[in-house]
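Student: Could you walk me through this structure, starting with what you mean by the terms you use?

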Amino acid sequence: MHYQRIDKFLLAHTNKQNVFRCIMNEGPINKAAIAQRIGLTIPSVMKIVDALLENGLVRSVGKGVSSGGKPPEMLEIIADAHYAVGVDVGLSEIRIIIGDMKKNIIARNAMRCPKDLCVEELCDILEKNILALIEDSGIDAERLLGIGVGVPGLIDSNGGRVVFSPHFRWENADLRSMLEQRLARPVYIDNVTKHIARAEYDLGMGKGSRYVFNLNLGRGIASAFVIDGEVYYGSNGLCGEIGHLTVNREGPLCMCGNYGCLEAMASGEAIAQQARDVVLRGVHSKLQEMADGAVERIDAKLVFDACAAGDAPAKMIVERALEYIGIAVAGVINLFDVERIVISGGMTKNGASFWEPIKANVRKHLMKYSGKNVDILAAALGDNAACLGAICQVIQKYLNTL
């Protein structure tokens, strides 16, 4: 029989991250309060705090109020001790943010992402714009810990390779090595939705929960799990590909090569394509009028708008897509019993016509006793989320070296 060994190093890293997070979110705070908040012994907290003090990441800000004994030492994070760069490589835009140790945004920039971008062109763009942003920000470049980059697709986060990015048509691209050679800094590559999950857990709607499922509904559909502050990767690093669950085996071909995936049935691009097909078939609909007769201008936002205006074909497309998403999310809750579902992406910007059906469909497909206390929430960090999550990863990697 196989028995799994408890990884003491992983446990130590998790404890260190939790202490740092606690001081960041609740500081000034004392060691006894930290121990109480995160369930560690005071000696364990003292050891971690001593390492943070020694490395100039935390400082004492004086004595707190005594509860009967010696007044406790109050601690806070030194925000400008170091900095990190976060990059979000989107399908239409590339965003770059510099953040400090408290994940405050120091500087940011955004640029158009060229169509049919190759990996070498991406490295050229990132090298030029990251170095320019560092210089313009006025930070001490010697305090830069590294660069985190979020990319859509399947990522080998340990090796920094883009295994497969269907939207960019990249395969087995060693992005990490290419960028480290150009920037002379540590570089970490991960899936963009995993970065969003990190950011929402540390800074957004995942705070205060142990088990969080993040769902990103944009042109594609992706997801990620955060368990006790750690993004869960699974045995091959590919955990979270909810977009490639088969929900209709008779459905259209997906970019992954299978048929009827959730992404092929219910993503923003799938919704838009279904609406274009309706118009091209000559079905009477407000969609053509709302697109000024230009079928290629029909996108998911326009379909939601037509649905809200009472257009029957648009209503059918939206209702079907949101039912498929609801089925998939209910399945996640039934399987993993998460506390929070945090949803991000352009589809969430459609107000009641999105949120009411999604919540209703999730409840409809839940197992009888499942998900009684689950919260379904809109992500809080908007367009900055992936960059902030990349910054979180850089800081996390650094803390693990102490």
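Tutor: Let me begin with one term: a residue is called buried when its relative accessible area is under 20%, and exposed when that area is over 50%. Please also keep in mind that this is a predicted model.

Student: Okay, then which residues of helix α2 are buried?

Tutor: In α2, which covers residues 31-38, the buried residues are Lys31, Ala33, Ile34 and Ala35.

Student: What caps the N-terminal end of α2?

Tutor: That is Asn30, which places a side-chain oxygen 3.1 Å from the backbone nitrogen of Ala32. Just after the helix, Gly39 adopts a positive phi of about 75°.

Student: Zooming out, how many helices and strands does the protein have?

Tutor: There are 13 helices and 15 strands in the protein. Its radius of gyration is 23 Å, close to the 21 Å that the globule rule gives for 402 residues, so the protein is as compact as a globular protein of that length. Along the principal axes, the C-alpha atoms fill a box of roughly 80 × 55 × 50 Å.

Student: And what share of the residues is buried?

Tutor: Buried residues account for 51% of the 402. As for the surface, the protein exposes about 19,400 Å², of which carbon and sulfur atoms supply 50%.

Student: What about charges, how many positive and negative side chains are there?

Tutor: The protein carries 44 positive and 46 negative side chains, and the centres of these two sets lie 6 Å apart.

Student: How much of the contact set joins residues at least 24 apart?

Tutor: Among contacts between residues at least 6 apart in sequence, 59% join residues at least 24 apart.

Student: Last one, is Thr348 buried or exposed?

Tutor: Thr348 is buried, with a relative accessible area of 15%, although this residue lies in the loop between β14 (340-344) and α12 (352-365). Not counting residues up to four places away in sequence, Thr348 touches Ile343, Phe354 and Trp355.

How values were computed:
Residues are numbered from 1 along each chain as its sequence is written. This is a predicted model: local features need pLDDT of at least 70, side-chain atom pairs count only at pLDDT 80 or more; totals for chains, interfaces and linings use all residues. Side-chain values use heavy atoms; hydrogens and water are left out. Helices (H or I, at least four residues) and strands (E, at least two) are DSSP runs, numbered from the N terminus. The radius of gyration is taken over C-alpha atoms; the globule rule is 2.2 Å times the number of residues to the power 0.38. Buried means under 20% relative accessible area, exposed over 50%, partly exposed in between (1.4 Å probe, protein chains only). Contact means heavy atoms within 4.5 Å. Accessible areas come from the Shrake-Rupley method with a 1.4 Å probe; for residues, only the protein chains shown count as cover. Lys and Arg count as positive and Asp and Glu as negative; His and the chain ends are not counted. The place of a charge is taken as NZ of Lys, CZ of Arg, CG of Asp or CD of Glu. A polar contact is a pair of N or O atoms within 3.5 Å; within protein, one must be able to donate a hydrogen and the other to accept it, and residues adjacent in sequence count only if both atoms are side-chain atoms.
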